[in-house]
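Please look over the structure below before reading on, and keep it open beside these notes. The points are meant to be checked against it one at a time.

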Amino acid sequence: MQFEDVVGQQELKKHFISEIQSGNIAHARLLHGKSGHGTLPLALSFVGFLFCDQRTESDSCGVCPSCIKVNKLQHPDLHFSFPTVQTDANKSSLLLDKWREQVKESPYFAELDWLRKIDPKERNMIISVHESQDIIKKLSLKAYEGGYKAMIIWLPESMNIQAANKLLKILEEPTPKTIFILVAESHETILRTIISRPTGIILRQWMFLKIKKILW
Ligand SMILES: [Zn+2]
């Protein structure tokens, strides 16, 4: 996905572009807003621009091998974590095909769309401690292609307390060249637990981006 594919949000796009071009990239960012406002597409286009081999001044090229892999959600250094129902052994990695299908259908999908796709019974979804372990394991590996590793966590407010606690250390002190993008819809308590720890200098590396509406 390229920036030009994302509706509006010109200010944020400019911000992301200059951040990446400067090389001074925050290790974690929270994109907070409704799904229809393009938070996930923005996260994907950010990663596309970061990973692109032939980026222009204003966008990723869309055609280099990295862009093609990001577009297919099959780049080995782009990881995803999202809520699942408890019966799915609580791991995103088991549902990646469905995830790709959902994003391909529309990257502006909402929580309920996802729930209906993975569970016709529409049971509760969470991000569990097993998922947190999986995230840590994935990010402990070196970047496959030698650049950055990116972890997009969709709806981090779905974490239970054990999952959040497990992730705090790596969120505060990630391995080098690791970027977290949290794509959140609501300000649940758990989210405040994750982002409001008194972490001094590290906290300043967080970037909070509240997306209220589509800005043209
Ligand atoms: Zn490219």
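**Notes on the structure**

1. Cys64 counts as buried, because its relative accessibility is 1%, where buried means under 20% relative accessible area, exposed over 50%, and partly exposed in between, with a 1.4 Å probe and protein chains only. Cys64 is found in the loop between α2 and α3 (65-71); helices (H or I, at least four residues) and strands (E, at least two) are DSSP runs, numbered from the N terminus.

2. A word on the source: this is a predicted model, in which local features need pLDDT of at least 70 and side-chain atom pairs count only at pLDDT 80 or more, while totals for chains, interfaces and linings use all residues. Residues are numbered from 1 along each chain as its sequence is written, and side-chain values use heavy atoms, with hydrogens and water left out.

3. Staying with Cys64, its C-alpha atom is separated by 6.9 Å from that of Cys52, although the two residues are 12 residues apart along the chain. If neighbours within four places in sequence are left aside, Cys64 is in contact with Cys52, Asp53 and Gln54, contact being heavy atoms within 4.5 Å.

4. Cys64 is also one of the protein donors of the zinc ion, which are Cys52 (SG), Cys61 (SG), Cys64 (SG) and Cys67 (SG), lying 2.3 Å from the metal. Donors here are N, O and S atoms within 2.8 Å of the metal (3.2 Å for Na, K and Ca), and since water is not among the atoms, sites may look incomplete. Along the chain the donors of the zinc ion follow the spacing C-x8-C-x2-C-x2-C, and both Cys61 and Cys67 are buried.

5. How are the four donor atoms arranged around the zinc ion? They subtend angles of 105 to 117°, so the arrangement is tetrahedral, a label that four donors receive if all angles lie between 85 and 135 degrees. For comparison, the ideal angle for four tetrahedral donors is 109.5 degrees.

6. Turning to the whole protein chain, there are nine helices and seven strands, and buried residues make up 54% of its 216 residues. Among contacts between residues at least 6 apart in sequence, 74% join residues at least 24 apart.

7. Helix α4 (residues 96-105) has Trp99, Gln102 and Val103 as its buried residues. These cover an arc of only 95° around the axis, which puts them on the same side of α4; the arc is that of the directions from the helix axis to the C-beta atoms. The face turned away from this buried side carries the exposed residues Asp97, Lys104 and Glu105, while the cover over the buried residues of α4 includes α2 (39-51), β2 (78-81), α5 (111-118) and β5 (149-154).

8. In helix α5 the buried residues are Trp114, Leu115, Lys117 and Ile118. They cover an arc of only 160° around the axis, which puts them on the same side of α5, and what covers them includes β3 (84-85), α4, β4 (125-126) and β5.

9. The structure holds nine aromatic pairs, where rings of Phe, Tyr and Trp (its six-membered ring) pair if their centres lie within 6.5 Å, and planes under 30 degrees apart count as stacked, over 60 as edge-to-face and the rest as tilted. One of them joins Trp99 and Phe109, an edge-to-face pair at 5.5 Å centre to centre with 85° between the planes. Because Trp99 lies in helix α4 and Phe109 in the loop between α4 and α5, the pair ties together parts that are 10 residues apart in sequence.

10. Trp99 is buried, with a relative accessible area of 0%. The rings of Trp99 and Trp114 have centres 5.4 Å apart and planes at 90°, so this pair too is edge-to-face, and it ties together helix α4 and helix α5, parts that are 15 residues apart in sequence. Ring pairs link Phe80, Phe82, Trp99, Phe109, Trp114 and Trp154 into a cluster.

11. Glu122 lies in the loop between α5 and β4 and counts as partly exposed, at 36% relative accessibility. Leu155, in the loop between β5 and α7 (161-172), has a phi near 60°, again positive in a residue other than glycine, but Leu155 counts as buried, at 2% relative accessibility.

Note on methods
Four donors count as tetrahedral if all angles lie between 85 and 135 degrees; four count as square planar and six as octahedral if opposite donors are over 155 degrees apart and all others between 65 and 115; anything else is irregular.
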